[in-house]
Amino acid sequence: MPVIPRRLPIAALGAAAVLALPASAGAEIVEVGVAQPPSPPSCPARPCLAVSRTTGYQAKVGPTRGLMTVPKAGRIVAWTIALGNPGAQQTAFFNQRLGGEAEAQITIINPRSKLRSRVVAQGEPQKLQPYFGSTAQFALEKSIRVRKGQVVALTVPTWAPARAVGLGADTSWRASRGRGKCEDTSGQTAQLTANQLAQYFCLYRTARLTYTATLVTDPVKPPAAPK
């Protein structure tokens, strides 16, 4: 799949962020959400299944849990999304049924008790149709401060062909839908406002959300010089 840069390629973004730090600072570039092997989005194959009108994050891929959990404090500087290539009829169907053109953004959430999470920050929404059939990279206009243990989620107010299906039962993702709402994939449950609290009750097995985020960790403070 070709990679289409948006503003700057992610590699350049991360390198620029690290070069701006002192050589001894020890900042790292971490791609949150990477798991091998990669899983291509389902579209245009039938069924062409999209993420729809929700906020979600990957709960597990094989034995790996917490794939989208921030491992260290730092700043999210960009995010990447692998997109399927739905045909004209499939695109028109989703546009008509799910509130408009394909669109997504990243959302940082704070996990709380009873599968509830609160919005901490969000990136800018991005129109996805120009990038169908490719892996698109989006540099954030303003990097997002994150803490260890927060989760990078994908918010889709309409729909996005960013869902790999037919995977093992040990692979699953969660959506911001409450109890009894797991089969309602057209109702709006996306977290779209700051500080919004939602329950991530619904777990969808054998599927994967095809996005990652680029984290530049905080520099490590050098040890104090002996007096």
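# Briefing: strand 16 and what surrounds it

Valine 32 sits across from alanine 213 of strand 16. That pair is a handy way into this predicted model, in which strand 2 (residues 29-32) and strand 16 run antiparallel and share four bridges. The chain has 227 residues, with 48% of them counting as buried, and its secondary structure comes to two helices and 16 strands.

**Strand 16 and its partners**

- Which strand joins strand 16 through seven bridges? Strand 5 (residues 74-82) does, in the antiparallel sense.
- Within that pairing, alanine 78 is opposite threonine 214 of strand 16.
- On the strand 2 side, there are four antiparallel bridges to strand 16.
- How many of the seven residues of strand 16 (residues 211-217) are buried? Seven of the seven are, so the rest of the structure largely encloses this strand.
- The burial covers both faces: one side has Tyr211, Ala213, Leu215 and Thr217, the other has Thr212, Thr214 and Val216, and all of these are buried.

**The nonpolar core**

- Nonpolar side chains tend to be buried together in soluble globular proteins.
- Here the largest nonpolar core takes in 49 residues, and Ile76, Trp79, Ile81, Leu128 and Val152 have the most contacts inside it.
- Strand 10 (residues 151-160) gives this core its largest share, seven residues.
- Which residues does isoleucine 76 touch once neighbours within four places in sequence are set aside? The list includes Ala213, Thr214 and Leu215, three residues that are buried in strand 16.
- Isoleucine 76 is also in contact with Ile106, Ile108, Leu140, Ser143, Ile144, Val146 and Val152.
- Taking contacts across the chain with a separation of 6 or more, 85% are between residues 24 or more positions apart.

**Helix 2**

- Which residues of helix 2 (residues 88-97) are buried? They are Gln90, Thr91 and Phe94.
- Looking down the axis of helix 2, those buried residues fall within an arc of 100 degrees, so they line one face of the helix.
- Turned away from that buried side is a face with the exposed residues Ala88, Gln89 and Gln96.
- Is glutamine 90 buried or exposed? With a relative accessible area of 15%, glutamine 90 falls below the 20% cut-off and so counts as buried.
- Beyond its neighbours within four places in sequence, glutamine 90 is in contact with Pro44, Ala45, Arg46 and Cys48.
- Glutamine 90 and leucine 49 lie 41 residues apart in sequence, with 9.8 Å between their C-alpha atoms.
- Just past helix 2 comes glycine 99, with a positive phi of about 90 degrees.

- As background, most peptide bonds are trans, and most residues other than glycine have a negative phi.
- Where is proline 37? Proline 37 is in the loop between strand 2 and strand 3 (51-61), and a cis peptide bond joins glutamine 36 to it, with omega about -5 degrees.
- Proline 44 is in the loop between strand 2 and strand 3 too; the bond between cysteine 43 and proline 44 is cis, with omega about 15 degrees.
- Proline 44 also turns up among the contacts of glutamine 90.
- Arginine 53, in strand 3, has a positive phi near 50 degrees without being a glycine.
- Threonine 206 is another non-glycine residue with a positive phi, about 65 degrees.
- Threonine 206 is in the loop between strand 14 (202-205) and strand 15 (207-209), and is partly exposed at a relative accessible area of 31%.

**Surface and confidence**

- How much accessible surface does the chain have? The total is about 11200 Å², and carbon and sulfur atoms account for 56% of it.
- The average pLDDT over the chain is 89, with 87% of residues scoring at least 70.
- Where does pLDDT stay under 50? That happens over residues 1-24, for which the model has 45 contacts beyond four places in sequence.

Methods
Residues are numbered from 1 along each chain as its sequence is written. This is a predicted model: local features need pLDDT of at least 70, side-chain atom pairs count only at pLDDT 80 or more; totals for chains, interfaces and linings use all residues. Side-chain values use heavy atoms; hydrogens and water are left out. Buried means under 20% relative accessible area, exposed over 50%, partly exposed in between (1.4 Å probe, protein chains only). Two strands pair if DSSP finds at least two bridges between them. pLDDT is the predictor's confidence in each residue, from 0 to 100. Contact means heavy atoms within 4.5 Å. A nonpolar core is a set of buried Ala, Val, Leu, Ile, Met, Phe, Trp, Tyr and Cys residues joined through side-chain atoms within 4.5 Å. The arc is that of the directions from the helix axis to the C-beta atoms. Accessible areas come from the Shrake-Rupley method with a 1.4 Å probe; for residues, only the protein chains shown count as cover.
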